[in-house]
Amino acid sequence: MKQRKLLLFVSLSCLPFGQGRAIQHVKSIGPKNNAEIIYHIFERSFFDSNGDGHGDLNGIYQKLNYLQELGVTAILLTPLYESMYYHNYFATDFYKIDPRYGTMADYLRLIKELHRRHMKFYMDMETQYVASDNAWFRDSYKNPASKYSDYIFYADKANTKPVSIVAGLTDFTGYDGVTRKLIMVNLNNKEVQQFNYNLFKFWMDPNDDGKFDDGVDGFRLDHMMDNLDNANRLPHLFATFWNPLLTKLRTINPKIKIVAEQAEWDSFGIDNLTHGGVDRVFAFRLAFAIRNFNKKELMLVADSTFLQTPANKQQVVFIENHDMQRFADAVKGDPGKSRIGCVLNLLMGGVPSIYYGQELGMKGNKGNFGMTDGNDIPNRQAFEWYKSNEGPGMAYWYKNGPWWTKDNNDIPNDGISLEEEENDPKSLWNFYRKIISLRKNNPIITKGTYANLMNNNDQVFSFMRYNAQEKFIVVVNLSAEKQHIAVDVNAGNKTAITALIGNKPLVSGKKLRLTLNEFGVNVIKIEVH
């Protein structure tokens with residue numbers, strides 16, 4: 001039988017939304033076509049299961065049906081380990097789970113249930129710094145004879161001056177008003193290297209039975225650098241620390257996935273992929289380009305992001321995270337731009353990541369409250385489950401300062417909540433569900449080669465994913481005005497064009513001619529016989 005080549009042209013300007021439905025039990029099935037879609041959760045703000053105001057592990061467990069209803073297949077949590085800071089970076093104890101989040105038993109129950117549902121779990125790790133509450137510092141401070149003296153860096157022989165970390169920080173004030181010291185860990189120390197191996201190994205297989213049903217599926221490495229903080233104290237870490245560690249971890253579980261948050265956000269992360277030993281990096285440059293709605297920038301950055309990425313490596317494509325202004329806030333709540341952000345987040349390729357509440361259009365931007373980690377709370381506020389600002393599970397742990405009185409973004413009856421959106425067929429939440437479904441049903445998005453497509457309109461961005469059998473083409477109107485466009489597509493002589501969503505394009509030689517509404521995207525399948 002003669003093989004047919006399949007071309008897909010994606011357009012969503014007239015996307016027909018199905019009615020939202022109440023969350024029901026979702027059967028334990030794997031992601032279709034092995035598509036992976038990550039849901040990034042700031043767990044303290046997600047869902048509070050015990051009424052103490054803090055989101056927790058049992059809260060996530062209770063909302064797994066919601067996550068599968070949305071369509072995501074993996075979760076990435078910000079750090080779980082014990083820390084005196086609300087965000088849990090700068091650990092007190094890397095082996096202990098913050099008691100506000102729950103117990104080890106709660107954690108294991110969540111991991112096993114995720115795996116039963118064929119979902120994955122990624123853990124955030126930052127072991128290159130500790131805070132002054134950590135035992136390494138407490139024992140070695142002003143005590144050169146401590147066995148931990150070489151675990152961390154001091155600027156003097158008396159161990160009274162810890163070396164500063166990134167941006168010259170030596171002290172950092174928490175949102176609770178308490179100031180603590182931040183200390184750089186000596187990753188060249190052999191005991192520290194062994195500690196890291198034991199630590200990562202533990203979270204990969206807590207009961208050490210070799211089955212991994214209770215372990216993580218991968219790690220996010222926060223602030224990964226070859227020369228930590230460019231301070232020349234720890235140069236060549238890719239060769240001396242990261243590659244040896246990750247190689248050993250893969251001998252334990254070859255399926256483990258490592259994603260680096262490259263510290264240089266203006267880079268494409270290629271050095272981390274080629275020399276750092278990681279599987280994935282975050283597509284920061286692409287995230288910033290998407291926010292700018294500039295065709296030329298998008299074409300240049302997308303090309304560099306995807307075509308420079310080595311084979312068998314991946315970019316994590318996102319439009320917001322816990323350190324950034326939320327996307328809906330950046331586009332001033334414009335619903336058309338929010339939908340374009342969704343389309344580019346999910347359909348460009350790589351591994352998409354959705355930050356909790358992004359699917360609702362939650363807003364938030366960094367505050368200006370002085371030298372405090374409270375500045376990031378507006379980006380990390382409670383998931384909006386209800387149309388009012390009250391209800392079971394609301395995680396309002398931050399009611400102690402201006403991030404609540406001046407920068408609280410949870411406004412009752414503003415249209416931004418799951419309760420308001422799930423039954424609205426035109427809501428952003430239902431739009432995300434539709435695009436996620438489209439992503440899952442078209443594995444070419446993950447497996448195909450990326451290419452920009454030329455067109456005749458400066459306000460319209462077009463690209464495709466393709467292989468020898470098919471092409472998946474996306475065209476988006478980046479403007480608030482209707483646009484007419486001709487896209488250069490060689491569909492071949494014998495084609496059957498079916499409009500999946502929107503109007504059928506006109507074929508003129510090697511061009512497809514379309515009219516796109518404001519912030520429109522249109523979808524067509526072209527079969528080549």
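User: How many positive and negative side chains does the chain have?
Analyst: The chain has 62 positive and 59 negative side chains. Lys and Arg count as positive, Asp and Glu as negative, while His and the chain ends are not counted.

User: And how far apart are the centres of the two sets?
Analyst: The centres lie 8 Å apart, with each charge placed at NZ of Lys, CZ of Arg, CG of Asp or CD of Glu.

User: What kind of model is this, and what is left out?
Analyst: This is a predicted model, in which local features need pLDDT of at least 70, side-chain atom pairs count only at pLDDT 80 or more, and totals for chains, interfaces and linings use all residues. Residues are numbered from 1 along each chain as its sequence is written, and side-chain values use heavy atoms, with hydrogens and water left out.

User: OK. How many helices and strands are in the chain?
Analyst: There are 15 helices and 22 strands. Both are DSSP runs numbered from the N terminus: helices are H or I with at least four residues, strands are E with at least two. The chain is as compact as a globular protein of its length, because its radius of gyration is 24 Å, close to the 24 Å that the globule rule gives for 529 residues. That radius is taken over C-alpha atoms, and the rule is 2.2 Å times the number of residues to the power 0.38.

User: What does the C-alpha trace span?
Analyst: About 80 × 50 × 45 Å along the principal axes of the chain.

User: How much of the chain is buried?
Analyst: Buried residues make up 59% of the 529. Buried means under 20% relative accessible area, exposed over 50%, and partly exposed in between, with a 1.4 Å probe and protein chains only.

User: Which strands does β16 pair with?
Analyst: One is β15 (residues 449-452), joined to β16 by four bridges and running antiparallel to it. Here A451 stands opposite M464 of β16. Another is β17 (residues 470-477), which pairs with β16 in the antiparallel sense over seven bridges. V460 faces N477 of β17, and a hairpin of three residues connects β16 to β17. Pairing requires that DSSP finds at least two bridges between the strands.

User: Switching to loops. Where is Y398?
Analyst: Y398 is in the loop between β14 (351-355) and α12 (402-405). Y398 counts as buried because its relative accessibility is 1%.

User: What is Y398 in contact with?
Analyst: Leaving aside neighbours within four places in sequence, Y398 is in contact with Y175, I377, Q381, A382, W403, W404 and N408. Contact means heavy atoms within 4.5 Å.

User: Which residues other than glycine have a positive phi?
Analyst: Among them are N88, with phi near 70°, and N413, with phi near 60°.

User: Are those two buried or exposed?
Analyst: N88, in the loop between β4 (81-83) and β5 (91-97), counts as buried at 0% relative accessibility. N413, in the loop between α12 and α13 (418-421), counts as exposed at 56%.

User: Last one: where does G269 lie?
Analyst: G269 lies in the loop between β11 (257-262) and α7 (270-275). At 2% relative accessibility, G269 counts as buried.
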